Each structure stands twice: as structure tokens, then as C-alpha cells.
Amino acid sequence: MLHTSDFDFELPTELIASHPLHRRDASRMLVVNGTAVADKHIRDFLDYLQPGDVVVFNNSKVIPARFNASGHEITLHTAVSDKVWWGLCKKFNKINVDAVLTLDDGTQVKVLDKDDESGLKLEFLCDNVFAVLDKVGKMPLPPYMKRAAETEDRDRYQTVYADPVGSMAAPTAGLHFTPELMQEIEARGAKIVKITLHVGAGTWMPVKTEDLSQHKMHSEWCCITPQQADVINNAKRVIAVGTTSMRTLESAAMDNGILPKQDRKARIAPICRSTNIFITPGYKFGAVDILLTNFHLPKSTLFMLVSAFAGLDEMKKAYAHAVDEKYRFFSYGDCCLLFKKGE
């Protein structure tokens, strides 16, 4: 039985990328195929494509969800309705229910409830929450960057193809792609499908239990349309860009598995629901053949996911190689191309 400590590894803090590279497509890419590793660049991703492949991106757009309200920094993470949201706040216990807080532009929010895990439940006393956030909000950079958001982050902590608004963290594997690189994918005979998973606060939440079965996985809303499912089901290989795309695809594969046998497709069923899928070693992958992803935190659910996909020993060795070669880690860091370990 695996435990949280089995997914620990040494990471020098100087390898954590706090700012993006000048060019999106300048990132390095570590290719991991079984025990073999190769040092490449993201532009080399094209050389691994085959005609008939389907490359799946998460197109969710990051909200400038972090703002100040009456001296408190709040980061929104889950929408209850158009005007009611849950938000994280460091000292939320000092704020009373029914208190009214004022944002920098004068907009007021009323505290409806409090919760130890979710923070503050806030009602925005305005017409359009997103219009207010566009004025006063900042991009919700992960806490490990240890810096405030800057003007550049409005553009760079967002994929070039982001469309439906809803994430409070970027699907970071997609940050490496330019419009030109996207065009080249299709020029190589592969197809692109842009599905949606709105990334929630849980993506940063540490695993606090040593027993993995006791970890409560966060829930996120995702969607794959019937038309997109048809394209994916006719793929030669499915390449997921990012762990959020992976979690959506594998959730859709689970839905496919519970359909009556005569209605099942090759890989997935259409999906439009919340998912709290927690992928750890021993999981049987039903949809994804190849995964492009950034480097993840020690003992995180995401490192557990990539270890399930490519092998725990293989990923520990690959990450040790990445450390030795000074790859850049986490959201603004480099990436790795992982091939599914043979079963």
C-alpha cells in the first residue's frame, strides 16, 4: 500500500519558476518513455505526433480572482451563483457573518457564511461580478511563487486559446503553446479538441493524510460535448495537454464504463458534471495514451497522477534528472511528455 510520503522528492527552491520565460515556446520538455528520458524543447512536441492523433486541451479561462476587501486579501474559488462565491481568506475567522466588506472600487460584498475548508461565502452587491474583477482583481498566482501578481501575469498566466471563464488557476501545461504551434499540430495530421475543466482551489491543496484513502479530493466542473467525444473516440492516440484534461478524459472514460454495453464507445462518453476523480498508482487508464504536463510539487495529487500514468520509480528518476539538469518547476516552469507505462 502506497502512502503520501512515497511521493516525496528533493527539490531545490531555486528551481521553482516565479516568472515566465520571454517566449511561451522557449520551454524545455523532458520526454519520459519507460526508463528512457530525453532532453527536448516544447517545439519538439510536434515530432512526437502521428496522423490521426487527437490533442486535447483545457480551454478554461482564469479569473482575476484575487482582490482586497476592507484590508483582507480574498481569492475566489467556487461560484454558487452569478453573484455568490466562496473565497479563501487567511484570517477569515476574524470576519463576522453578515459583515459587509468594501473592494478598492467601492463595490461591497456581504459575508453570508464561513467554513474551515472553503473560507468565506460572499454575495457581491453589484450587477456584474466579472466586470468588477476585471477592474480590481489580480491573477491568482500559486502561493509557491511567493510574489504578488504583476501586469504581465494578466497575459502570461492564461493560455492563448482560453475561452469560457471559470478557473482560479491556469491549466499550466497549455501555457507553452502559441497560435503558430497550434496550427502546426493540425498541419502534422493531428486534430485538436478543446474541452473544459474549471480549475478550483483544490489544485494547490496539500495532501494532509499519510493514508491516501483518507484524502478528500476537491471537486471541479468539467464538460466534453457529444461532438468532441466522437472525435476523441475515433483517435489513433489521445494526447492530453495537462492534468486537468487528463482528469476530465478519465472521468468521461468512467462514465463510458457504466453505460449499457451496447451504448459504450471506444474510450469515453460525453460528460458535463463535477468530478473529484483521484488518480493514484494502480488506476487503469481508459482514455489517455500520452500526457504533456508541467513538473509538480512533492507529495501532491498531481505527482501521484503522473506516477500512476508513467510509473512511480520512473517519475522519481525523471524528476531527479530534471533537478540535475536544472529544469524549471511548477506553473511557469518547463514541461514533460509522458508515455503511459505498459500494463
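Predicted model: local features only at pLDDT ≥ 70, side-chain atom pairs only at ≥ 80, totals over all residues.

Visitor: OK, what's the strand order in the open sheet of 6 strands?

Guide: The order is S5-S6-S7-S10-S9-S8, and the pairing is antiparallel. Strands here are DSSP runs of E, at least two residues, and helices are runs of H or I, at least four residues, both numbered from the N terminus. Two strands pair if DSSP finds at least two bridges between them.

Visitor: Which are the edge strands?

Guide: Those are S5 (66–69) and S8 (100–102), each of which pairs on one side only. On average, neighbouring strands of this sheet are turned by 45° against each other, direction ignored. Axes there are lines fitted to C-alpha atoms, for helices over the stretch in contact, and angles run from 0 to 180 degrees between N-to-C directions.

Visitor: Which helix packs on the sheet?

Guide: Helix H1 (residues 129–136) does, touching S5, S6, S7 and strand S10 (119–124). Its direction makes about 85° with that of S5. Touching, or contact, means heavy atoms within 4.5 Å.

Visitor: How many bridges are there between S5 and S6?

Guide: There are 4 bridges, in the antiparallel sense, and Asn68 stands opposite Glu73 in S6. S5 and S6 make a hairpin with 2 residues between them, and Ser70 in the turn has a positive phi of about 50°.

Visitor: And how many bridges join S6 to S7?

Guide: 5 bridges join S6 (residues 72–79) to S7 (residues 84–89), again antiparallel. The hairpin between S6 and S7 goes through 4 residues. Across that pair, Ile74 sits opposite Cys89 and Thr75 opposite Leu88.

Visitor: Switching topic: is Thr159 buried or exposed?

Guide: Thr159 counts as buried because its relative accessibility is 6%. The cut-offs are under 20% relative accessible area for buried, over 50% for exposed and partly exposed in between, using a 1.4 Å probe and protein chains only. Thr159 is in the loop between helix H2 (153–156) and strand S11 (165–167).

Visitor: What does Thr159 touch?

Guide: Not counting residues up to four places away in sequence, Thr159 touches Arg24, Pro171, Gly174 and Leu175. A polar atom of the Thr159 side chain also lies 3.2 Å from the backbone nitrogen of Ala162.

Visitor: How many cavities of 30 Å³ or more are there?

Guide: The structure holds 2. The largest has about 80 Å³ of space, and its lining includes Arg24, Leu175, Tyr332 and Gly333. A cavity is a set of points on a 1 Å grid over the protein atoms alone where a 1.4 Å probe fits but cannot get out, and lining residues have an atom within 4 Å of a point. The volume is the space filled by probe spheres set on the points, which are joined across faces, edges and corners.

Visitor: Last one: where's Asp324, and why does Asp324 count as it does for accessibility?

Guide: Asp324 is in helix H7 (residues 312–324), and Asp324 counts as exposed because its relative accessibility is 60%. Asp324 and Cys272 are 52 residues apart in sequence and 42 Å apart in space, C-alpha to C-alpha.

Terms used:
Residues numbered from 1 in each chain as written. Heavy atoms only, no water. Polar contact = N/O pair within 3.5 Å; in protein donor to acceptor, adjacent residues only side chain to side chain. 1 Å grid on protein atoms, 1.4 Å probe; cavity = no way out; pocket = protein on both sides within 12 Å on 5 of 7 lines; lining within 4 Å.
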